[in-house]
Amino acid sequence: MFYLYVRIYSRNQLNQLEPDFMSSLNGQISAINQKYGGVTLNGKDGLFRYAALYRETLINMINAAQACQKLLEEEKEGLDGYNIVLTGADKQDYELQKKLDFLVYQILDDGGIWVDPHWKEDLSGYLLLEKEKYLYRMTGQKEFAPTTGERFSFMLEDESAIKRIGRWLEQEDRPLLVLSGEKGAGRRLNLERALKEYFGKKSPSTIRLKLNGDRDYIYDPYRDCLGRLDVSEEEERGNPLLLDLRQGKMMSRCSDFFSRDFEEAFLEYLEEEKRKIAGRSQTLFVIVEKGEDFSSASRQLLERILERKGLRFILISEKSRPEYLSKTSNPDVILFLPPTEEKLSHKLSRAFGEGDWTSQKMAPLLLSEPLNSQTLFYSAWLCCGGITPGEGVSPVRTMIDSLNEREKRVLRYIGLSKGLIGRKEMSRFLADEEEDISLISERIDRLKSLALVDETKGGKLHAEFELPPFDKTQERQTVKDLIGLLNREGQGKPFQYFSFLEEHGETDKALEYLNNIMNWLINNGFQDRADSLISNPPFMGKEIDELSLDSLQNLLFANRLRLSLIKGDQVQLGELVANGLLSQVSERGKFADEFYLQLSRYYYCQGNADQAVDYAKKALFMFQKTGFHLGESLANIELAFAFLGQRKVQMGMDYFEIARRISYQIEDNYTLITARTFGALTAFLFGNMSKAESIIEETLELAEKNGCRRRIFFLKFLAGRIRFEYGHYREGAELFEECYELSKQIDMTEGGDTARRWVGRCLLYLEKRRDAFAWLDSEDSTREGLLFLAEADFMVSLYESALSKLEKAEAMVPNRELSYSEMDRWCDGFMPIEGRLSSNDVTEDVLSGQIDALHSYILALTGRHSEAMALFMKRGGQDDYPFKPYSYKYSYIHFTILNVGEISLSGDDNRLASLSRAIERLQSRAGRFDNQHKKLDFLNKNWWNRKIMEEAHRKKFL
């Protein structure tokens, strides 16, 4: 350990007499030492510690001493005198101040740099020293040999490439440059040199995209850049995505379209960076490394970035034309090839100063594989140390083997940590009684100078090469030690952390983390990624015990079933059932509860509500037993759906509420939003529209904050349905239009088409036929589209045209797939669950009832009373009509059929009984409203309800 002490005579008195002057001087002295890597010691003015393991650090300390001397000479008139002392200690010396006091009293002359005699040997290789009494005065400086980093740069520098890059920088109309060559060819170093030479002290504005780590999960190459985005606290609060990205909390996201959110955030960051430099007439450079290794999703974002105007791109690639470039791109290309024998001799002489490097002397180096400047440097470095790499021996491995044990220890830990830990955390972790944090940090710098370690802009450390194997016992202990640290640090890079746990046999922890990752991927719309994990399962080729194997099987099978359900892939679901997947759950292992949860969803979607209830209860019991509250909340949601499938509406509402309370307590927003959303749906179906509106209003704010756009779509669509029931058709049209615009943002084609039809339907009921047809597609051949087009014809008395469309709709096979908590089916805006709530007959649905009802009504109006009655009775007649939410409408249609028919069809008593039943059912439905104004609107503004009320007043029922 070395120390640099700046002694200022009468420091304490000067601090009191000239506080501003001394404050500025002390600040400048501290800044100089910090620049050269010195550490300020608390409570000790002018004393700085240098962890001098390597000559580079000693040189830095000497440079700092000279810079301090120059500063103090300039300020000499304001001082009584000064001295600078260089000393050291074998370990950190807690009695250092006494030692320094003894040394300064030996100094005879004011000014100068002085060396403790006990440390003369360490510094005499760099300084010219002259003994004065007890100490040595520095009288001059010897010429320093190049540092390791300088030698390395000498080997990789290519003056011709630097000049060519410079010429490209001058041609501002050339937006694209490719630096092509294999790793170790010097592409990055020569780019840095060229930028420095071209821009001088004014560094250019750059964004660097580089893939670090073993796996690329869309945002990995881009995430570090976002840390520099300068946004206000208010903007950050309004955009939780940015906050999560900056803090590395990827697992906390619950956006339905995280990747799209991320792209928008990153592209906005680019625009912000461009705005910052616009006033300075600068160009923003985007430097892309290893772009060809990006995942397909990351590549898509990269391709979008490459299309941006106002940027210049530098691609560092092994190919002269990376495949992600568009065919129209016309890049400048600079190839980095292995040096010729003449160039190699020149580079070696410059780097190592060993005289002429003859062909014979270079022959062992040329056995290096691959033959590039970096491996040649390693080989030459070893040759200078008396180690000759043999044929077939890796220079990199030989270089690593030549490190001392403590350097190897640092390198191994960096390699094991998979880029999950930064310099500060690693230094704290490895510090011990013999070496403190600053020494570990210096070893990291040493490894960086040899290009064995890379440090990202975000501060994470990566080993650049495969490392020598650990002793197995040592490795197990190392992994155990690192897990404690990675539990805190690894959250920002969940996939790399899982890879770490998997690789090192931490099976139980890895499975728990894999479960979290699978949930996160599926919740955020990364279904392809989840599929990939299932298709290429982890732990393949690794020995794990039977219990862990059961757990892995449960986890993979549960998620395979979950994904098939979400996609609505009936073919795959059929294969899973045929292959016996549903019976492969093992209660011996973990995640059986997850499997039972998916089984409940499966049986619900198959229309088997009883089985769905049984499996939801099984899952709930197992989640409660293990204390997994998130699982409890999810199981309660599925249990609520299963009860709805049994037509137990109140129980469904109760269990959605239980799920809401649990998810609120554990602060899981995704589940909370889901429970609230379907709680609102159940309230709507039950007829409590005021409660449904209240839940929608609260939940929309939370869903928007968390980017759950599918839920936002669902909630707004439901709000539109409620407005339609009130007869607030203009408000309904506005909400459905918002849904339509949202569907375009999130590629929700099916939902967008449904929302578009309902905009048109609202406008029809507003008697805005022309506007309605701007939304309704006259060629729409879906059942719902044909119904709404038939309504349009009906409203202008085009009865035959309407009947033609209704007959076509009735001839089509209904799509009656049920939606559950994770599967939104938008085959029509009358949700299949509406029909299921009031009928055990799974062939029934609300849309079919609406089609047949309008068909019967028009047949009656056109005098075809027998046909109208036959069609109406096909649905079970007015008493057993299954669609209870609209039973008042169907009773009114029954009245109409009787009222316009021949006397022989019915007497007055039957007609009036049907009207009475319609009024009674309508009033019963309205009785669930707790808002009198909305109740009146429901009765008098809704087109069909108003007709019932008018007839009731005409017949003096009211």
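Angles under 35 degrees count as roughly parallel, those over 145 as roughly antiparallel, 65 to 115 as roughly perpendicular, and the rest as oblique. Keep that in mind for the first stop. You are looking at a predicted model, in which local features need pLDDT of at least 70, side-chain atom pairs count only at pLDDT 80 or more, and totals for chains, interfaces and linings use all residues. Residues are numbered from 1 along each chain as its sequence is written, and side-chain values use heavy atoms, with hydrogens and water left out.

**Stop 1: a helix pair**

Select 629-645 (helix H29) and 649-665 (helix H30). Helices (H or I, at least four residues) and strands (E, at least two) are DSSP runs, numbered from the N terminus. The two axes, lines fitted to C-alpha atoms over the stretch in contact, with angles from 0 to 180 degrees between N-to-C directions, come within 8 Å and cross at roughly 165°. H29 and H30 are therefore roughly antiparallel to each other. Now show the side chains in contact (heavy atoms within 4.5 Å): among them are Asn 636, Phe 641 and Leu 644 of H29, and Tyr 655, Phe 656 and Ile 662 of H30.

**Stop 2: the open sheet**

Next, colour the 7 strands that form an open sheet of mixed pairing, in the order E2-E3-E1-E4-E5-E7-E6. Strands pair if DSSP finds at least two bridges between them. At the edges, E2 (39-40) and E6 (127-132) each pair on one side only.

Zoom in on E3 (47-50). E3 runs antiparallel to E1, joined by 4 bridges, and pairs with E2 in the antiparallel sense over 2 bridges. Which residue of E3 is the bridge partner of Leu 4? Click on Phe 48; Phe 48 is also the bridge partner of Thr 40.

Leu 47 and Arg 49 point one way from E3, Phe 48 and Tyr 50 the other, and all are buried, meaning under 20% relative accessible area with a 1.4 Å probe, protein chains only (exposed is over 50%, partly exposed in between).

Then move along to E5 (113-115) and E7 (135-141), antiparallel and joined by 2 bridges; Trp 114 has Arg 137 as its bridge partner in E7.

**Stop 3: the cores**

A nonpolar core is a set of buried Ala, Val, Leu, Ile, Met, Phe, Trp, Tyr and Cys residues joined through side-chain atoms within 4.5 Å. The largest has 232 residues, and Leu 209, Phe 266, Leu 452 and Leu 561 have the most contacts inside it. A second, separate core of 32 residues includes Leu 4, Met 22, Leu 25 and Phe 48.
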